[in-house]
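Try each task before you read its solution.

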Amino acid sequence: MMPHAKGMTAPDKRTRGQFFTTANPFDCQPFLSWSRRAGLPKETVLEPFAGENSIIEHLKSIGKAEKWRSFDIDPKADGVVRRDTIANFPTGYSVCVTNPPWLAKNSATFRGLPFPDTQFDDLYKLALTKCLDNCEYVAALVPESFIRADLHQGRLHTFVSLTEAMFSDTKHPVGIALFEPNPVDDVIIYSGKQKIGTLAEIQKHRPPTSEDAAISFNRPDGNLGLIALDNTREASIRFCDVAELKDYRVSDKCRHITKLFVPWRVRVNDCNAIINKFRAATKDVLMTCYRGIRKDGMYRRRLDWNLARDIICHAQ
């Protein structure tokens, strides 16, 4: 999809979960390989959430959409058929390439927006499920956090963490999920153009899980500092001497900079070495994204409390 059409306001777009793609995410080796297995360009491409139909235009530009059918609840281009595809999904298509609507349930509730009655916590998960229930091959632009959501991984063949902004109106981190008709043994993971291994392989780089309840977060009297969010320039997550944060006011809502209490002497340098090694080996795919792209071209990341706890325990 392209930037929203004239006359569509931000609330309209938010209500429908519409964010329109600007860059072409499909001109990459993982998608081109998948497209050959899916029978493109000879097979008809279904785009069930088409908007301005820019997904099809992207596919045409790389010779992958000789035949196509596009639908949307609010069409913004000629050739897009008006249909509520969440309620009435088109059938009879083998290949689907789409940018499904994104809208978190908690965000919809907070803003007083309508949200379907579903078990899923985000509209994109419901839309993706509709695609997979009706099509053999599915390629979808999804939030990058999808790879950590443990959803539909039985048919997920390849996942590409995109390393550039894909949307005109949001810097939400994005990935391409490439699904096959039959179950697969593992998911191949790319960071941009770089293949970094299978999901099982990169998960081995994560420190062992610890549930040490003695470590507590957001403690004004803590003995360990934590910068848990990258700055806007570079990868900057690190543990630090608590004295560095002596003037920082800690509350129970802190998520980016905080103090921890650990009932042993922490090897700060060892903790930071573990973080850096983990990030280098996994290209950050297993870390929580924070909106915005750093000046070095990579997404900002946040260190969640579970991973921080595991790192501290592993460094003992």
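**Exercise 1. Locate serine 94 and decide: buried or exposed?**

Solution. Step one: find the place. Serine 94 sits in the loop that links strand E3 (80-82) to strand E4 (95-98). Strands (E) are DSSP runs of at least two residues, numbered from the N terminus. Residues are numbered from 1 along each chain as its sequence is written, and the model is predicted, so local features need pLDDT of at least 70, side-chain atom pairs count only at pLDDT 80 or more, and totals for chains, interfaces and linings use all residues. Side-chain values use heavy atoms, with hydrogens and water left out.

Step two: check the area. Serine 94 has a relative accessible area of 19%, so serine 94 is buried (under 20%; exposed is over 50%, partly exposed in between; 1.4 Å probe, protein chains only).

**Exercise 2. Which residues does serine 94 touch?**

Solution. Skip residues up to four places away in sequence; the contacts (heavy atoms within 4.5 Å) are then Glu43, Cys135, Glu136 and Tyr137.

**Exercise 3. How many disulfides are there?**

Solution. Step one: apply the rule, a pair of cysteine sulfur atoms within 2.5 Å. The count is zero.

Step three: check burial. Cysteine 96 is buried, at 0% relative accessibility. Cysteine 131 is buried too, also at 0%.

**Exercise 4. What is the mean pLDDT of the protein?**

Solution. The mean pLDDT (the predictor's confidence in each residue, from 0 to 100) is 89, and 91% of residues reach 70 or more. Over residues 1-20, however, the pLDDT is below 50.

Terms used:
Helix = DSSP H or I, 4+ residues; strand = E, 2+ residues; numbered from the N terminus.
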